[in-house]
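Have a look at the structure first.

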Amino acid sequence: MDQIEIKGGRPLRGEIDVSGAKNAALPLLFATLLASGESRLGNVPQLRDIATVGKLLEIFGAEVEREGSALRIDTRGLVSVEAPYELVKTMRASVLALGPLTARFGHARVSLPGGCAIGARPINLHLKGLEAMGAEITLDHGYVEARAERLKGARIYLDIPTVTGTENLLMAAALAEGETVLENAAREPEIIDLAEALVKMGARIEGAGSDTIHIQGADDLAPYEHCTMPDRIEAGTFLAAAAVTGGDVLVHGARAEHLEALLAKLREAGVEIVAEADGLRVRGPERLRAVSIKTSPHPGFPTDMQAQFMALMCLAEGTSVISENVFENRFMHVCELQRMGADISVDGHAATVRGIEGLCGAPVMATDLRASASLIVAGLAAENTTRISRIYHLDRGYERIEEKLAGLGAEIRRVKES
Ligand code: UD1
């Protein structure tokens with residue numbers, strides 16, 4: 001198995017490109033199921049999760065072909081509405097097949113994703129929404145089955161503003177009869193990207209990006225041509241990496257309007273961030289200042305940046321409190337950061353980080369996608385060598401990260417386990 005080896009302590013300098021957003025591309029790919037024909041999605045990162053959706057779409061009968069950074073998806077030959085456990089267990093977002101398949105074919109069978117490293121992550125709100133639209137939901141042998149002759153528009157209140165839940169219901173509503181109103185909807189930028197593609201397909205949608213979305217369903221939708229938004233979490237990870245090494249980096253494709261909470265906190269910590277024509281320039285201070293954060297749904301501080309921000313706070317002057325309010329069990333990176341010398345204590349949903357002068361490289365283990373990114377950030381700042389194992393987590397969400405960071409002068413490479 002591959003590992004990432006980092007010899008830390010070098011300030012990052014130069015320019016780096018952000019890839020297309022994984023979390024936008026996933027729902028956009030599932031949205032192709034809503035129409036018959038050939039859709040084209042640009043700026044799709046080459047990642048394991050994207051390959052998994054490609055395989056799922058092929059199981060349903062679609063043809064998927066990569067042309068450079070774009071994917072061409074032909075859905076004329078769809079034959080199956082079943083998402084098998086073997087694929088769903090490797091990627092929870094497979095549940096995004098449920099809404100579009102039920103809306104288009106009146107039937108879908110999707111394996112339940114099961115537990116995952118960062119908490120229980122139920123899908124009850126996806127199911128409640130589909131039921132409100134008239135679907136009959138059954139659970140059988142670990143599979144969720146949804147049936148409806150035609151979904152009907154409904155008023156749906158989401159108890160929690162779930163991101164993929166909002167996306168699933170948005171796609172279902174686009175082909176439902178009449179109007180659907182999603183209340184307490186997620187407001188993440190990826191929702192806006194999906195809504196834009198659905199509008200291109202022929203749906204009428206108002207309010208995407210706010211907590212109330214109105215969707216006027218269409219009888220038929222057409223394939224789309226669309227370009228995926230840049231990955232705000234990858235961008236944020238690069239900002240963190242540059243900041244923690246006291247570097248000076250231009251992150252092409254980083255958009256301030258997607259990153260407001262993170263930018264505010266980085267600035268509070270003493271990081272200089274300036275918007276340039278095509279991205280954000282970041283300059284790290286000699287020593288960061290401790291800043292506390294609380295994760296919450298967008299536009300709050302993103303849970304997907306919590307682990308990377310913690311890596312920064314390990315080296316800051318002072319004590320910070322990091323509260324995780326979106327997921328349970330999202331502090332697994334703490335033990336690994338402690339192996340590098342970090343002074344962190346966890347009490348329930350809050351971690352207290354007492355900043356120290358230097359981290360020390362160590363062999364560490366990635367436990368989930370963003371935890372792996374935090375170990376990279378820490379490794380870039382640490383003295384000596386850090387070796388990160390189980391980097392298959394990293395490959396789910398970051399495209400060629402070691403190559404990209406090496407382009408900024410980092411001593412980082414992929415090696416075979418010794
Ligand atoms: C998405 C992102 C993930 C990010 C997360 C929160 C994708 C593919 N993944 O995940 O990277 O970390 O948003 O920003 O876009 N919940 C329920 N019932 C449900 C659904 C969710 O109780 O039916 C709870 C979850 O357990 C969690 C919270 O709601 O505590 C938020 O989860 P959700 O927004 O659904 O996360 P995902 O969409 O899975």
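**Salt bridges and a linked network**

The structure holds 33 salt bridges, a salt bridge being a side-chain nitrogen of Lys or Arg within 4 Å of a carboxyl oxygen of Asp or Glu. Keep in mind that this is a predicted model, where local features need pLDDT of at least 70, side-chain atom pairs count only at pLDDT 80 or more, and totals for chains, interfaces and linings use all residues. Residues are numbered from 1 along each chain as its sequence is written, and side-chain values use heavy atoms, with hydrogens and water left out.

Seven names to look up: E38, R40, E65, E67, R72, D74 and R76 are linked in a network of salt bridges. Start with E67 and R40, whose closest N and O atoms sit 3.6 Å apart. E67 is in strand β4 (residues 63–67) and R40 in strand β3 (residues 38–42), so this pair ties together parts 27 residues apart in sequence; strands are DSSP runs (E, at least two residues), numbered from the N terminus.

How exposed are these two? E67 is partly exposed at 33% relative accessibility, and R40 is partly exposed at 33%. Here buried means under 20% relative accessible area, exposed over 50%, and partly exposed in between (1.4 Å probe, protein chains only).

Next come R72 and E65, which meet in a salt bridge at 2.7 Å, N to O. R72 is buried at 14%, while E65 is partly exposed at 40%.

Finally, D74 pairs with R76, the closest N and O atoms being 2.7 Å apart. D74 is buried at 11%, whereas R76 is exposed at 56%.

How values were computed:
Helix = DSSP H or I, 4+ residues; strand = E, 2+ residues; numbered from the N terminus.
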